[in-house]
Amino acid sequence: MEKIKIKKLTKSRIYLYTTLSVLLIITVYTLVTMDFGGINIIEATRHFFKDLKTMFFSPSLSDRYTYAQVFQSLAVTIALAVLTTIIGSFIALFLSFFAAQNLSNKHLSKVIKLGLSFIRAIPTILWVMVFSVVANVGVEAAIIGMSFHSIAYLVKAYSESIEEIDSGIIEALSATGASFWKIIFQGILPSTITSILSWTFIRFEINFTNAVLVGAAAGAGGIGYDMFMSGTMYFDIREIGVFVYLIFGVAIILEFISYLLRKKYLKN
């Protein structure tokens, strides 16, 4: 007979089980004591699924929009994602050379990583709101805020990719008297270009999602703003269904392109 393995109750497991138990108790207590304001939960749930059915199975545009206008709004959202990714990737690539410990001074590397970790910890939408006060609500705030967060995200990704390369490449080039920038262009970039491109495309997918969000929250336009107007001003569920399907379509296309890039370049 096989012996039954009993997992030891380690300190980490005790912390995990305790945390999960506390969260479960808080969740149950909140649901029991929550004031639903006289709303019938069963009836509200029924209406929720009815609205979902209408949204996904009966999508249609009203007289407010034409398909040409909707696709133009979608193009604005994609353009916002492309622009912020390009700006963020170029600045991040430059900073990553000084953030990588195998290329830069360790103290400078720590300062850059610490500062960018603070930026990265704050969600993109909050940075957009911060810059909306400075640059006014609109496209400018969206571009600055999304680029700001993209830089912090990509510097971490790029610098870690640089730190993973063989140290012998840098030592060999340094021994030949190569300058800092010759080491970058002749050793670092050829060794990390596939990883950098992969991380950049991943960030582009994230920026597309953020562009939809900030279009509604910051008034930056695009399909996110149209969804916001249809949902909160006109209460047109069928119209929202059209927007959702278009966003899903773009997301699927981006995921497919990402898969092809990973398959073609990363394996090589």
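**Notebook: helix α8 and its surroundings**

I began with helix α6 (residues 139–163) and helix α8, whose axes come within 9 Å and cross at roughly 150°. I am working from a predicted model, and I keep that in mind for each entry below. Since angles over 145 degrees count as roughly antiparallel, I noted that α6 and α8 are therefore roughly antiparallel to each other. I also looked up the hand of this crossing, and α6 passes α8 in a right-handed one.

Next I turned to helix α7 (residues 167–175), and found that the axes of α7 and α8 come within 10 Å, with a crossing angle of roughly 165°. That angle makes α7 roughly antiparallel to α8, and the crossing of these two helices is right-handed. I then listed the residues that make the contact: on the α7 side they are Ile169, Ile170, Leu173 and Ser174, while α8 contributes Ile183, Gln186, Gly187, Ile188 and Ser191.

I went on to the aromatic rings, where I found 15 aromatic pairs in the structure. The one I looked at in detail joins phenylalanine 98 to phenylalanine 180, a stacked pair with 5.7 Å centre to centre and 25° between the planes. Phenylalanine 98 lies in helix α3 (residues 67–99) and phenylalanine 180 in helix α8 (residues 180–217), so this pair ties together parts that are 82 residues apart in sequence.

A separate entry concerns a charge over a ring: I found arginine 203 lying over the face of tyrosine 153, at 4.9 Å from the ring centre.

Last, I came back to helix α6 to look up valine 155, which lies in that helix. With a relative accessibility of 2%, valine 155 counts as buried, because the cut-off for buried is under 20% relative accessible area. Which residues is valine 155 in contact with, leaving aside its neighbours within four places in sequence? I wrote down Ala92, Leu95, Ser96, Ala99, Ile112 and Leu116. I also recorded a distance from valine 155 to leucine 16: the two residues are 139 residues apart in sequence and, C-alpha to C-alpha, 32 Å apart in space.

Terms used. Residues numbered from 1 in each chain as written. Predicted model: local features only at pLDDT ≥ 70, side-chain atom pairs only at ≥ 80, totals over all residues. Heavy atoms only, no water. Phe/Tyr/Trp six-rings, centres within 6.5 Å; stacked < 30°, edge-to-face > 60°. Helix = DSSP H or I, 4+ residues; strand = E, 2+ residues; numbered from the N terminus. Lys NZ or Arg CZ within 6 Å of the ring centre and 35° of its normal. Axes fitted to C-alpha atoms, helices over the stretch in contact; angles between N-to-C directions. Parallel < 35°, antiparallel > 145°, perpendicular 65-115°, else oblique. Left-handed = near helix turned anticlockwise from the far one by under 90°. Contact = heavy atoms within 4.5 Å. Buried < 20%, exposed > 50% of the residue type's maximum accessible area, 1.4 Å probe, protein only.
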